[in-house]
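Here is a friendly briefing to read alongside the model. Keep the viewer open and follow the points topic by topic.

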Amino acid sequence: MNHLRASVLLLIVAGGCSSSSSSTLPTDAQIRAFTRVTNVLLVQVDVAGTTGLLGVDTGDPYVLLNPMAFSSAPSVGTVRTLTVESDNLRNVPVITSSQSPTGPDPSVPLGGLLGCTVLCNSVVSFNYRDTVFTIGSSAAPSGLMPELKTPFSLKGGGKVQVNGTSVTLPKSRIVVNVDIEGSKHTLLVDTGATDVILAQALYSAITKDGRTQLSGGTVDTTSGMSTASFTRVKTISLGGTTAN
């Protein structure tokens, strides 16, 4: 959610046992409403006996936990068990940081982000229409357009310092070719991002025709908070599918 970032936003048209009570978690209706407002899928996880909600975020290379939700998780290290729905994972690398996003709705407490150290090990399915996330292959929901496949490459990775500890990040940046108003560009896919985010130069080129803009906003980038402007594009296409 705070990992695929640039300087400008572009709006397009278009359980197991737990030591914390599951009754404190939001209802299914609240979770669906959260996803439909933020475009972030949530999944219930159990981290070494503590239950919480994580945002599913391909832009995050790790499992990023908030210490307010998972107080016993290590600052940098592994957790003995991590259960996502019915999938029981062991010795999962995590980072616990107060910089983990908490979400805009206090009634839906966000305990962190489920990133590449889990997502990149299996086929995963994102069903935003029905607000369902699945690890493993699943049948396509009914009533959708035919399936389209598009090539991508994995970028990123390397060593960074987290809480004074050297951490090796896996390659987790899903890079695809996108057509924006007839011009090809390379973008990152981030299921944790709520908008299409463009670099300033590309945004300026798109808006030089004088189209309406909104300014004064902010966006959380990998370099920190940045000012942002908003506009709409006529078309954006990926893998043969176009949004107008």
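## Briefing: contacts, cores and a helix

This is a predicted model, in which local features need pLDDT of at least 70, side-chain atom pairs count only at pLDDT 80 or more, and totals for chains, interfaces and linings use all residues. Residues are numbered from 1 along each chain as its sequence is written, and side-chain values use heavy atoms, with hydrogens and water left out.

A search of the whole structure turns up four salt bridges and one disulfide. The largest nonpolar core has 20 residues, and another core, of twelve residues, lies apart from it.

**Salt bridges**

- A salt bridge here is a side-chain nitrogen of Lys or Arg within 4 Å of a carboxyl oxygen of Asp or Glu.
- R129 pairs with D130, with 3.2 Å between the closest N and O atoms. R129 is partly exposed at 39% relative accessibility, and D130 is partly exposed at 33%. (Buried means under 20% relative accessible area, exposed over 50%, and partly exposed in between, using a 1.4 Å probe and protein chains only.)
- D179 and K184 form a salt bridge at 3.9 Å, N to O. D179 is buried, at 15% relative accessibility, whereas K184 is exposed, at 64%.
- R211 and D209 meet in a salt bridge at 2.8 Å, N to O. R211 is buried with a relative accessible area of 15%, while D209 is partly exposed at 47%.
- Both residues of that pair belong, together with E181, to a network of salt bridges.

**The disulfide**

- C116 and C120 are joined by a disulfide (a pair of cysteine sulfur atoms within 2.5 Å), with an S to S distance of 1.9 Å.
- The link of C116 and C120 is left-handed, with -115° about the S-S bond.
- C116 is buried, with a relative accessible area of 3%, whereas C120 is partly exposed at 43%.

**Nonpolar cores**

- A nonpolar core is a set of buried Ala, Val, Leu, Ile, Met, Phe, Trp, Tyr and Cys residues joined through side-chain atoms within 4.5 Å.
- In the largest core, V63, L65, V84, L114 and F133 touch the most other members.
- Two or more residues of this core come from each of β2 (42–47), β3 (50–56), β4 (63–65), β5 (76–84), β6 (87–96), α2 (116–119) and β9 (132–135). Helices (H or I, at least four residues) and strands (E, at least two) are DSSP runs, numbered from the N terminus.
- The residues that L65 contacts (heavy atoms within 4.5 Å) include V47, L54, F70, V94 and I95, leaving aside residues up to four places away in sequence.
- The other core has I174, V178, I180 and I236 among its twelve residues.
- In soluble globular proteins, nonpolar side chains tend to be buried together.

**Helix α3**

- Which residues of α3 are buried? They are L202, Y203, I206 and T207.
- These residues lie on the same side of α3, because they cover an arc of only 125° around the axis. The arc is that of the directions from the helix axis to the C-beta atoms.
- Q200 also lies in α3, which spans residues 200–207. Q200 is partly exposed at 43% relative accessibility.
- Q200 and A228 are 28 residues apart along the chain, and their C-alpha atoms are separated by 9.1 Å.
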